[in-house]
Amino acid sequence: MGSLKMEEMSLPTLFEQARKINLLATDSAVDKETLRKGCEALQQCEEMISKLGLFSTNETKEDISTTNLKYILVPFYLAELTEKTGYDDRIEILKASQAKLKEFISFCEAMELVPEDEMETSVLGRQNTAVDKRAKKIARFKRQRAAESKLLELKERKERRGRSTRASALSTPVDTGDDDVLDDDGEEEREAWLTTISLAICKALDLMEMLKKEEEMLSAIKDKQEREGGIEISQAVLEERAKTVEDWHRNAAARAQYTKAAVPITCATFAQDVLEGRAKVSQAHDHKHQPLMFGPASLVGGTITSERERIAAQVFQPGHRLPTMSIEEAGLKEMEMMNTWQEKTAKMIEEANSSWHNDKWKPRAGGGDDDEDEDDEAAQDRARAFDDWKDENPRGAGNSKLTPCG
């Protein structure tokens, strides 16, 4: 806590020190001495808050100043640190932590900070069904995620404003909007602390349910140990677990001969033949392309003589299918396909060049100029008849009823 003693520190300094310890304990494991110092600092904060009379039961959240809002979190932080202090007398630690959580939630209810659905549940005290509990958990989780997102947004906004203020201070010696910036900072600070309290309420409700279940479980174990004796029950539990494990292994060994997996097909060509019906799984086949074997060098490089060695050599196998041919083999395969295609193309071109449509036109046998003259006269007759018909039927004559004045 620095060179100063806790009694000599101010309330803001004590709170910040305890808050740092709480954040450190939340993110990673800390030693018991640090946890003890954090609990002592928070207890000192509680005493100072009580002496100063910062809060009153007649007030609401609107009556509390922005500077004092953060001290509402002192019981919550104390409950979190108390729960992490140790496991020697776990039941007493759980009770002390739950008492602080109840104190924190009750004060937040008086300050009108707890959501309405949570207040209704606590006031009525009814037994919720599984569906109601699930819906309440989902709603609480959504509120927690919204509060975390809001805090992140406020933090980013504050950092952007700080960078903008520093940049403007470097460019201009006098700032004209200092009052507005201070007002914005005060509003954002109040919003940030209210959001932090809302997030702490969600965590406190979840933590209290978890601690209550843990206390019930430990109390039941303690009662059973007191009734039957701790040593005897522990030995009985161990013997029962050992018997269960032995039975499981015995049954697994008996089932192993019936549940042995078939040897996998590692040859892609043979697998394709099996899928298309040209071969059967039971047939013996030669692996043209053996897959790469991963594992201990002593097993992979040597001769595998037993099933145990084969399984040990296949421990470190890749999770993807390995290629069934090399790049050179794939290139030769493509070259063969290209040669076949070129041969077929050349054959088709040769057939097309020698086909009938390239032969010159030859007149029909027995034909002559008389046939051409007859065709020309018939065409002229048809043209004259069509001209006569067009003279008798002018264009649009049949559409007179469709015109507006027809």
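This note goes through a predicted model point by point, from the overall make-up to single residues.

1. Overall make-up. The protein has 14 helices and 0 strands. Of the 406 residues in the protein, 21% are buried. Among contacts with a separation of 6 or more, 68% join residues 24 or more positions apart.

2. How helix packing is described. Two packed helices are described by the angle between their axes and the distance between the axes. The next points use this description for the pairs formed by H1, H2 and H4, where H1 covers residues 11-27, and H2 covers residues 32-52 while H4 covers residues 74-83.

3. H1 with H2. The axes of H1 and H2 are 9 Å apart, and the packing angle is about 145°. The crossing of the two is left-handed. On the H1 side the contact is made by Leu-11, Leu-14, Phe-15, Ala-18, Ile-21 and Ala-25. On the H2 side the contributing residues include Leu-35, Gly-38, Leu-42, Cys-45 and Ile-49, and also Thr-34, Lys-37 and Leu-52. By class, the contact of H1 with H2 has 13 nonpolar, 3 polar and 1 charged residues.

4. H2 with H4. The axes of H2 and H4 come within 9 Å and cross at roughly 155°. An angle over 145 degrees counts as roughly antiparallel, so H2 and H4 are roughly antiparallel to each other. Their crossing is left-handed. From H2, the residues that meet H4 are Leu-35, Gly-38, Cys-39, Leu-42, Gln-43, Cys-45, Glu-46 and Ile-49. From H4, the partners are Val-74, Pro-75, Tyr-77, Leu-78, Leu-81 and Thr-82. The contact of H2 with H4 divides into 10 nonpolar, 3 polar and 1 charged residues.

5. H1 with H4. H1 and H4 pack with their axes 10 Å apart, at an angle of about 40°. This angle makes H1 oblique to H4. H1 passes H4 in a left-handed crossing. Phe-15, Arg-19, Ile-21, Asn-22, Ala-25 and Thr-26 of H1 make the contact with Val-74, Tyr-77, Glu-80 and Leu-81 of H4. The residues of this contact comprise 6 nonpolar, 2 polar and 2 charged.

6. Phe-15 of H1 takes part in the contact with H2 and in the contact with H4. Leu-35 of H2 is listed in the contact with H1 and in the contact with H4.

7. Cysteines. How many disulfides does a search of the whole structure find? The search finds 0 disulfides. A disulfide is a covalent bond between the sulfur atoms of two cysteines. Cys-45 has a relative accessible area of 0%, and because buried means under 20%, Cys-45 is buried. Cys-108, at 0% relative accessibility, also counts as buried.

8. Glu-112. Glu-112 has a positive phi of about 60° although it is not a glycine. Most residues other than glycine have a negative phi. Where is Glu-112 found? Glu-112 is in the loop between helix H5 (90-110) and helix H6 (116-124).

9. Leu-218. Leu-218 lies in helix H8, which covers residues 178-228. Is Leu-218 buried or partly exposed? Its relative accessibility is 24%, so Leu-218 counts as partly exposed. Leaving aside neighbours within four places in sequence, Leu-218 is in contact with Arg-90, Ile-91 and Leu-94. Ile-91 is 127 residues from Leu-218 in sequence, and the two are 7.0 Å apart in space, C-alpha to C-alpha.

10. Leu-152. Leu-152 lies in helix H7, residues 130-171. With a relative accessible area of 48%, Leu-152 is partly exposed; exposed would need a value over 50%. Leu-152 and Ala-192 are 40 residues apart along the chain, and their C-alpha atoms are separated by 9.5 Å.

Definitions and conventions: Residues are numbered from 1 along each chain as its sequence is written. This is a predicted model: local features need pLDDT of at least 70, side-chain atom pairs count only at pLDDT 80 or more; totals for chains, interfaces and linings use all residues. Side-chain values use heavy atoms; hydrogens and water are left out. Helices (H or I, at least four residues) and strands (E, at least two) are DSSP runs, numbered from the N terminus. Axes are lines fitted to C-alpha atoms, for helices over the stretch in contact, and angles run from 0 to 180 degrees between N-to-C directions. Angles under 35 degrees count as roughly parallel, over 145 as roughly antiparallel, 65 to 115 as roughly perpendicular and the rest as oblique. A crossing is left-handed if the near helix is turned anticlockwise from the far one by less than a right angle, and right-handed if clockwise. Contact means heavy atoms within 4.5 Å. Ala, Val, Leu, Ile, Met, Phe, Trp, Tyr, Cys and Pro count as nonpolar, Asp, Glu, Lys and Arg as charged, and the others, Gly among them, as polar. A disulfide is a pair of cysteine sulfur atoms within 2.5 Å. Buried means under 20% relative accessible area, exposed over 50%, partly exposed in between (1.4 Å probe, protein chains only).
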